[in-house]
Amino acid sequence: MHAPATRTAMSPPILPARRTPLRRGTSSSRGHGLPTLLLALVAAAVALVLSPIAVTVASAAEVSSTPLYQQIYKELLTFPCVRLLNNTHSIGCSSPDPSGTTGVLYPASTQQQLDDGYILVIPFDLLSKPTIDRARASGKVNGMLVIEPSSSTQQQSSLRSHETSFPTDPPRHFTGFPMFAIKNTSVTLSQSLGDIVSLAESNRQDRPSTPKYAAELSAFMSAAHSASDCLRRGFCKPLGGQSVYAPLFNPTPETANKPVVLLTAALDGKAMFQDLAQSASTRLASVAALLTAVSTLAQISEADRNNWQRRVLVTFFNGESWGHVGSRTFATDLDTFECRKPYKEGEYQPTAACPYIKPACAEPCMLDTGFKQMGVTTKSISHVLDMNMLGGTADQLRVHTTGSSSGSDATARPFPASIQLSTQPGIPPSPALAFLERNANIQPFILSTLDSGIFPSTYATELDDRAALVARPDALAAVCSAADALVRATLTLATNANTTIPPAVNCTLATSLLDCLTNATACPLGLSVQSNVPRTSYSSVSFFGVGPSWPALVAATLLSNASAAARGPACKANSECSARTPTCLGGTCVQSRARYHLGWPAGIGVDVATGKWVVKDATKPHWVESNWDLTAVRVFARVPRAWMWVEVASGIGVTAATAGAVWWVRSKVSGME
């Protein structure tokens with residue numbers, strides 16, 4: 001069980017950003033009692049004598065820390081492919097049983113070699129659905145280790161995305177065997193990658209009958225059958241997570257009747273290995289551009305913003321890759337949320353259905369209800385401006401829209417004339433769709449570099465990372481150009497085209513934010529994290545108390561500063577701030593209007609009596625992520641065949657000697673009687 005959370009000014013959930021699936025056991029639970037311990041010690045002694053295991057790769061430090069284990073194994077960080085499912089099919093990976101799978105290590109550099117190994121070591125540029133299908137059809141592949149090629153130029157040019165068009169659903173394939181990725185994010189990992197490649201190559205060079213090295217892959221996923229079954233059994237959790245929103249206006253009766261311009265961007269991406277789904281060009285560049293635009297708009301005084309003809313609401317949504325989870329939950333709550341049982345001191349106790357210490361609403365459980373205090377519904381939204389995929393250059397920026405907007409010429413085409421309308425009909429996947437479902441009169445404008453013939457080959461892959469983006473200065477320039485275009489469009493709509501020259505966009509901030517989102521470096525306002533793990537934009541799972549993802553945390557921090565209702569004295573911690581400005585942000589006490597908002601799939605609901613998730617409408621998105629046991633990869637030296645015969649002979653000899661000794665002792669004892 002997770003500890004309950006307390007509501008604060010920013011309503012920050014207290015749990016870590018990465019999902020923490022429930023585990024039904026660990027790798028040490030395969031045996032019981034003294035016999036297992038003795039067998040383990042004997043096996044370890046034999047292993048040391050025979051000089052076995054060269055490298056062990058384990059995920060997230062979830063490995064034994066005993067001295068004996070550390071003498072035998074070298075620990076590394078890997079990224080497992082996990083199982084996702086709904087009521088009709090599964091995608092992702094899993095070991096077929098809790099004991100894991102074992103096979104001979106074998107490198108494959110071309111698809112023609114994929115039938116010749118057991119645990120394949122392949123580069124990322126071979127990772128595709130046809131590759132996985134061929135490996136599964138061979139009947140010889142028990143798992144895969146996917147590694148980073150030595151040449152980044154090669155991997156960027158040869159990789160082709162899993163997707164072939166704008167997706168509305170995730171790719172639909174399940175491997176049936178475990179897969180782990182190893183990406184070079186540190187010097188230590190680089191050396192370990194070399195070790196694994198060397199061991200696999202050694203097997204290739206040896207005779208097929210005497211490969212020296214093998215691997216055991218353990219990644220058993222608890223969920224099976226369907227989302228309904230695994231939710232009922234507690235073996236999975238809904239996909240979703242924390243979204244972020246903040247009004248750039250003061251919610252008062254004077255502003256309550258004004259229409260709303262909604263600025264939005266999706267926070268999450270996807271890949272075969274979710275922990276490596278950085279989605280730098282498809283998601284994080286857009287997040288950086290929108291945050292830069294909002295920081296620019298915040299330079300305008302709140303008094304002036306309150307006098308605009310339209311209110312501006314900023315949103316960042318999580319779970320958009322899995323059926324627009326964040327935007328659908330937010331849009332629905334804006335229109336329909338009603339608190340049946342508000343929190344009252346002395347009358348409320350945390351329960352499984354609502355584990356928070358001081359929720360704003362006890363039933364239905366809601367940590368913060370600030371979204372109901374803005375005076376905003378989907379009917380009051382007139383325009384949605386979505387900062388979408390930015391994988392191209394500044395001259396490839398296009399605006400996607402539907403129909404024709406009413407109003408003056410300027411508000412009908414709020415973006416600068418230099419940005420053309422897209423040649424593609426309709427709009428790409430966007431949070432705007434969730435609001436159009438509830439209000440068809442909303443005018444959407446989606447800004448992106450997506451157009452006919454303009455589509456990044458790294459979309460929805462592990463190679464859509466910072467390295468691929470910063471290698472192209474023209475792509476970085478597009479982020480700043482997109483931010484400037486959004487500022488101008490927002491001011492045109494908010495002021496009804498009666499605006500002065502907009503503030504200048506800080507392109508240095510845009511680059512810094514991109515570094516912060518992808519590498520957790522150059523972060524503003526004191527944000528920092530110490531980790532060799534690459535930042536991921538995977539949405540994670542949804543449950544009461546789940547923490548924000550890294551992109552959501554960055555967005556919330558920047559929005560807290562941009563939307564601050566009041567500022568106080570300098571500070572080093574929240575304890576130095578007053579009740580009026582309770583949050584210490586970047587060395588200043590502020591009163592923030594930024595809030596988190598928990599989202600889960602539209603087809604899944606929560607039982608208010610038990611707190612359990614249930615599939616309430618299987619016709620709507622209802623993706624869940626499986627819980628899992630300990631995930632680990634163990635690479636070890638195989639005992640030569642000659643040694644096997646020696647061990648068999650030794651075993652027979654020891655057994656015969658033991659039997660003879662027992663017979664001799666019993667005969668002596670019988671003689672003494």
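Figure 1. Asp133 is partly exposed, with a relative accessibility of 25% (buried is under 20% relative accessible area, exposed over 50%, partly exposed in between, with a 1.4 Å probe and protein chains only). The model is predicted: local features need pLDDT of at least 70 and side-chain atom pairs count only at pLDDT 80 or more, while totals for chains, interfaces and linings use all residues. Residues are numbered from 1 along each chain as its sequence is written, and side-chain values use heavy atoms, with hydrogens and water left out. Lys129 is also partly exposed, at 36% relative accessible area. The two residues form a salt bridge whose closest N and O atoms are 2.9 Å apart (a side-chain nitrogen of Lys or Arg within 4 Å of a carboxyl oxygen of Asp or Glu). Lys129 and Asp133 are separated by about one helical turn because they lie 4 residues apart in helix α3 (residues 129-138). Helices (H or I, at least four residues) and strands (E, at least two) are DSSP runs, numbered from the N terminus.

**Figure 2. Salt bridge between Arg232 and Asp229 in helix α6.** The N to O distance of this salt bridge is 3.5 Å. Arg232 and Asp229 are 3 residues apart in helix α6 (residues 227-233), so about one helical turn separates them. Arg232 is exposed at 56% relative accessibility, whereas Asp229 is partly exposed at 26%.

**Figure 3. Salt bridge between Glu302 and Arg593.** The closest N and O atoms of Glu302 and Arg593 are 2.6 Å apart in this salt bridge. Distant parts of the chain are linked by the pair, 291 residues apart: Glu302 belongs to helix α8 (residues 302-306), and Arg593 to the loop between β23 (588-591) and β24 (595-599). Arg593 is buried, its relative accessible area being 13%. Elsewhere, salt bridges with shared partners join Lys129, Asp133 and Arg136 into one network. The whole structure contains 12 salt bridges.

**Figure 4. Packing of helix α7 with helix α15.** The axes of α7 (residues 280-297) and α15 (residues 550-562) come within 10 Å and cross at roughly 5°. Axes are lines fitted to C-alpha atoms, for helices over the stretch in contact, and angles run from 0 to 180 degrees between N-to-C directions. Helix α7 is therefore roughly parallel to α15 (angles under 35 degrees). Contact (heavy atoms within 4.5 Å) involves Leu284, Leu291, Val294 and Ser295 of α7, and Pro551, Val554, Ala555, Leu558, Leu559 and Ala562 of α15.

Terms used: Parallel < 35°, antiparallel > 145°, perpendicular 65-115°, else oblique.
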